[in-house]
Amino acid sequence: SSWISWFLGIKGNEYLCRVPIDYIQETFNQMGLEYFTETLQVILNPGFDSSLDWVFGDEEKWYGMIHARYIISERGVDNMHQKYEREDFEVCPKLSCRQKALPVGPSDVWVKSNVKIFCPRCNDTQPHQRH
């Protein structure tokens, strides 16, 4: 399987959506993102073998940055909306609510904070419960 499939299958990454290869390869979408050519090669490799030690370490961060751009694009909003409607995300942990919730990143600084969930009914964020 690909690096993207492997990465999205890791526990804790269930909120991420699959960024299409054509979106990743579009140079306009990569503008301002620093990376090594090898990093992109690992991400786009259709035959990734997670047992090999040839990952360069920046793949997760780079995918996170391109993902952040993707989910605010028209296609990405549609993708996230589909995940919301399928109830791929958590529900509000308040027993009196149980509304479908959305994942939010409280910071745009890499590894500064954990994902939280936002309940549109309660208008509140909570730590997510899945792991």
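Isoleucine 4 touches Arg18, Val19, Ile21, Ile24, Ile43 and Tyr63, leaving aside residues up to four places away in sequence. Contact here means heavy atoms within 4.5 Å. This is a predicted model, where local features need pLDDT of at least 70, side-chain atom pairs count only at pLDDT 80 or more, and totals for chains, interfaces and linings use all residues. Residues are numbered from 1 along each chain as its sequence is written, and side-chain values use heavy atoms, without hydrogens and water.

Ile4 also belongs to the largest nonpolar core, which has 23 residues. Such a core is a set of buried Ala, Val, Leu, Ile, Met, Phe, Trp, Tyr and Cys residues joined through side-chain atoms within 4.5 Å. Buried means under 20% relative accessible area with a 1.4 Å probe, counting protein chains only. Trp3, Ile4, Ile24, Ile43, Trp62 and Tyr63 touch the most other members.

The chain holds 6 helices and 3 strands. These are DSSP runs, with helices (H or I) of at least four residues and strands (E) of at least two, numbered from the N terminus. Their order from that end is α-α-α-α-α-α-β-β-β.

Now the whole chain. Of its 131 residues, 33% are buried. The C-alpha atoms fill a box of roughly 50 × 30 × 25 Å along the principal axes. Among contacts between residues at least 6 apart in sequence, 50% join residues at least 24 apart.

Note on methods
Buried < 20%, exposed > 50% of the residue type's maximum accessible area, 1.4 Å probe, protein only.
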